[in-house]
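Here is a short report on side-chain pairing and helix packing. Start with the view below.

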Amino acid sequence: MSAGDSERDSGKRAGADVRKGRQTTSEFKQHVSEQKAVPGHATLAKARALDVTGFVEARSFEINALQRSLESAKTLGNARAFQTLPRHLRRRAASHNVKRMPVRLREKAISEMKKSAQSSKTLGESGKLTNAKKSNRYKRRRTRSVRAEYELRQAGKRWLETHIWHAKRMHMKEMAGVMVADSPNGRSHRAAYRAAMEKTFVQDVSFYRTIEVAGSAEDIIRLVGCLVAPQELAIAAPCHVSGSRMASLTLYRAGQYPLAALGPATALWRPPVEGELRSMWIRVHPCIADPALSELANARSLLQGGQQTLTVDDISSDLVSFELLGNQSTQMLSSILSHTASPKSCGSSILQAIRTLPNPATLPENVVLALRIHDPRLRFPFKLPMGGGQLMPEQLRQLEDLLLRWPAGAASLSAAGDSDGGIWDRATCASDVERRLSEHCINGRRRSQLIPGSKLDPDPSIDVTVPLLLIRTGPEALLGSRIIKTTEQLVDNMAHGWTLLAPKGWGMPLWMALSFAGARAQGLQERAHIAFEAGLSTFPANWPSTSAYDSWASSIAADEFNKWSRRPPGKRTNYLHMGIESPFSSPFHKLLGMTHSPAAYPEITANDLQCRIKRLRKISSSKKAAALALTSTNDNGDIDMADEPDAGLVTTGIWLVSGERLSSMVSSLLAAPHREATMAQWASPLVEAIRGYSCEDPLRLLERALVRVRLICSGRGVPAKNAPIYMRSGAPLTSSEAVPVGADPKRAALIGYVMTGSFSLARGCSMAIGACSLKGLFNIWNADLGSQASNRCPRVTINSMNGGPFIDAILNVIP
């Protein structure tokens, strides 16, 4: 074969490669002409030697075509079969139908559909297309289809009766296996504050668990007495045993008072019925419901042995409950519940008499009203009357007598005639819900009215009645104890209100009646904000000695640490530079000398808190020493307090000084005149109060005691959560000027941490709720600073957590 033949063959191969690489015809012709222009003798001369440059230039088009084909192959593998179609063959949503695809692409499309299973046509088990279609919207929105879908979505969690209403308007979250409303979709803190101060604030609290204990009165008192403070057994008082008032309790693990607190609870006796056993309802937060049930079961087995005279059941699914706060809450309930089925009952007469009261705080706290009303759907919607009107002298005298002497039969419906179990008879309530009229029947009766929009009159033959319980709740339910002396520090409008209990099945009719009457619905965050504005603590956020607080705080700490660590190192807040050892949680265990933190807390070391300091402003060696004075790093890299208490004290749990009885003792100890005394001598009244209730030495218990405090700030700045609380010094202190080693110990004494902090709209200044060690409060009293000589109000400083100046605050002990 001649050289010319070989060149022509190479030109044909090059042309074929160019055509495969989608080269244009003009480029190919130009390449062939260049190859033919080379003389034959020149090619033979160069055949004995290889010219790399000439060879690459002669094959440049083939190389470029190969590179382009490789690049296109990369992108072609990422594209689906539907995306490889030309623009004029694409059909938007219809393009996902495989039968509309070209035959050459159907096999690839079917293989992709098997992996993704997203198409308008489904694939059978054999891999062939079937004609099954997704049901249309009409079939999907039918009642039975929606109900089946909702039942499927409730797997593993429980929905409240008002869940659909809340899910359209609020952010939902799961809490202890129940879906609850967390916060509205819009900004709501100020709106919730205005509603609680001037109008009505309402929240669905049906997520609270209700435990029923049935048996004789003596056995019930002994059983519940194992889980409460012995000196505060309020359920044995005659006013509570009769069922006319609700009792506020703080539950502990059986026989472990004052350690191992569970949390606050409320107890309500059923009014006595002749010939029947007594029963009590204990309402607890869902976070402590399971521990409370197990403790009650264990205490029952220890008290009764083989005898089974007491029964403990969870009846949470049989009740719905709503909480109302605000000035208009009494007037709203009187308007909605005025259409009573038993107008001669004591509860109905009381409800009509109190409808003109401007504030629920006027009534005695924890009183109970029993009502039976007609179906609220008959007179829907409800409207509040404009103004309360003038009271007649007889009505005013009746109201005064009512406030002075609360009727004993207000909590029972049997006074109106025959024995009526009311809401306590769960079997009758369930049968009434089964035979009540449907919404379709109610709407048909409305259409048959001669005057459109007129209210329906109840028909006793077909309409059922609804038994209710109204409880005048207040701060005692949140704090878990009686409150008498500390009520002047609270905001009445946001601390007092009503709790409405109804049988299951009536949640939505009552909720819609409250909503259309003008009540503002809110979630968990707004309820906690209103309690903070009132000056009250909330559970579990302000109960640091409980396991519920540890679980709640550990989840919050993990989320905040992950959010902080996702930021670039140079953009993170440098907490180590500001001397903050634990920015994401409050290490009360280190404050009290504990060797180990709760198991649920995330382990955050000093290396985890490192930031990119090279890009920051250079810090002098003195400031570096001052910044690291409060913290030090051990061999394991963990952050320890520089002045850590003796770790050999006790390694068991901590306890919280709760209840007005013990907190009042601490307040009086802080206000006592200064004298030379040790901590045991100073806290001797508290030692005598807890002596004999624990197997441990009371003096060692004081080393692990936390006291809940309210901090009213007197300067600028807003306290942040987990901010350290220090003893107050005379000179102003900034966060970047942490106390160096060897300085005045008064300025470096850490006494507690902030649990909740914000600006208080009710007080016009910043406020915080925190917890301090009892030893730290003793140090404040023992210091006897000159600024505290005139008035015995302790003053402290709070770290601002953002590098600003420390915040001065006045400390008050709260239950």
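Asp432 is buried, at 7% relative accessible area (buried is under 20%, exposed over 50%, partly exposed in between, with a 1.4 Å probe and protein chains only). Its partner in a salt bridge is Arg435, at 3.1 Å from N to O. Arg435 is exposed, at 52%. A salt bridge here is a side-chain nitrogen of Lys or Arg within 4 Å of a carboxyl oxygen of Asp or Glu. Elsewhere, shared partners link the salt bridges of Glu212, Asp318, Arg426 and Lys504 into one network.

This is a predicted model: local features need pLDDT of at least 70 and side-chain atom pairs 80 or more, while totals for chains, interfaces and linings use all residues. Residues are numbered from 1 along each chain as its sequence is written, and side-chain values use heavy atoms, without hydrogens and water.

The whole structure holds 17 salt bridges. Among them are these:

| Salt bridge | N to O distance |
|---|---|
| Arg435 and Asp432 | 3.1 Å |
| Asp219 and Arg222 | 3.0 Å |
| Glu62 and Arg59 | 3.9 Å |

Asp219 is buried at 16%. Arg222 is partly exposed at 46%. Glu62 is buried at 14%, and Arg59 is partly exposed at 25%.

Now the helices (DSSP runs of H or I, at least four residues, numbered from the N terminus). The axes of H10 (residues 189-198) and H22 (residues 524-534) come within 10 Å and cross at roughly 60°. Axes are lines fitted to C-alpha atoms over the stretch in contact, with angles from 0 to 180 degrees between N-to-C directions.

Definitions and conventions. Helix = DSSP H or I, 4+ residues; strand = E, 2+ residues; numbered from the N terminus.
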